[in-house]
Amino acid sequence: ADEVAALVPQPVRDRRPKSLREEGVAKAKRIVTLMCRVALEAHRVGEFAFAIRVCRRALGVSDVSFGPPPVEVEGAVLLAEAAFALAQCLAAQLGDLGSTPGIDDEAEVPAAAGADGAEGADGEGDEEAPRELTPEEKASACAMKRELIASLLSGMERGHAFRQWWVVANGLLHWWNLHLDFVRLSHEQPEVLGRTLPEYKDGLKTLQRYLHGDNALPAAEFNGPAFTPRTAANLALANIDAAVAAGQLSALEVDQLLVLKRLGEHERKDIVARVALLC
């Protein structure tokens, strides 16, 4: 029995004396992980303003980086989840302002349209026109939208760096859900695409790397119970719409539509039909 026990691998413990810097970094990492957990709980109970402050503090500690992979995966995942929580809290605050993520509030609005593309008081719409944002509110809303987008992208990048594909899939779902109102509005009023936030368009283009190619989601996550080929097709269609509205017709080229190979029959038909309509 003693011989068998001797063969069981034992954890390696670093017994060398740590420098003051190493001890400081270790303490900082513990603090960051605790801040992430506090922020996630604050988001869960609806304390969005507090959650935003804590998420920003945790994500803004520049001297702390977890890894390299696969070491310290838990800390990296917590930071990614905090980034996603920050994006959701910002979206909630934008909702209180009556501003839709993805739309550039500071862009010039046609005289016949109200905020976020809604009809003005002289239009034929039955719904009451939303309150016009002040210039300061528009600037603040756009800043929050840019931060929302950057947070989602950074969370997905952390998941990708540590090969935690479920984190990347969650980030893609958060992106779709938080910008769904804009997508629906653009279908009802295509002219609103002319006010697309540049960071939203660029972010959609970045997301395509997770749908096909060397950095794409593995089949298990791509065809999972939450993220599905339909979600991938929706993100591809949104990318096409935003790019074409900006005059970037290269989005319609074959080498930009490689995601078709991973989609089902119905999803492929939807994308091909959209491309045919835009050509």
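**View 1. Helix 6, residues 165-178, from end to end.** In this predicted model, helix 6 has 14 residues and reaches 20 Å from its first C-alpha to its last. That is close to the 20 Å expected at 1.5 Å a residue, where the expected span is 1.5 Å times one less than the number of residues. Helices here are DSSP runs of H or I with at least four residues, strands are runs of E with at least two, and both are numbered from the N terminus. Residues are numbered from 1 along each chain as its sequence is written. Local features need pLDDT of at least 70, side-chain atom pairs count only at pLDDT 80 or more, totals for chains, interfaces and linings use all residues, and side-chain values use heavy atoms, with hydrogens and water left out.

View 2. Because 10 of its 14 residues are buried, helix 6 is largely enclosed by the rest of the structure. Buried means under 20% relative accessible area, with exposed over 50% and partly exposed in between (1.4 Å probe, protein chains only). Among the buried residues are W165, W175 and W176, along with L172, L173 and L178. The buried residues of helix 6 pack against helix 4, helix 5 (135-161), helix 7, helix 8 (198-207), helix 9 (219-222) and helix 10.

**View 3. Helix 3, residues 48-59.** Look here for A51, I52, V54, C55 and A58, which are buried. The buried residues of helix 3 pack against helix 2 (20-44) and helix 4 (73-97).

**View 4. The largest cavity.** A cavity is a set of points on a 1 Å grid over the protein atoms alone where a 1.4 Å probe fits but cannot get out. The structure holds one cavity of 30 Å³ or more, and about 50 Å³ of space lies in the largest cavity; a volume is the space filled by probe spheres set on the points, joined across faces, edges and corners. Its lining residues, with an atom within 4 Å of a point, are F182, V183, S186, H187, L193, Y200, A238 and D241. Helix 7 (180-188) gives the largest share, four residues, and helix 10 (229-245) supplies at least two.

**View 5. The chain as a whole.** Stepping back, the secondary structure comes to 11 helices and zero strands. Of the 279 residues of the chain, 42% count as buried.

Terms used
On a 1 Å grid over the protein atoms alone, a cavity is a set of points where a 1.4 Å probe fits but cannot get out, and a pocket is an open set with protein on both sides within 12 Å along at least five of seven lines; lining residues have an atom within 4 Å of a point. Contact means heavy atoms within 4.5 Å.
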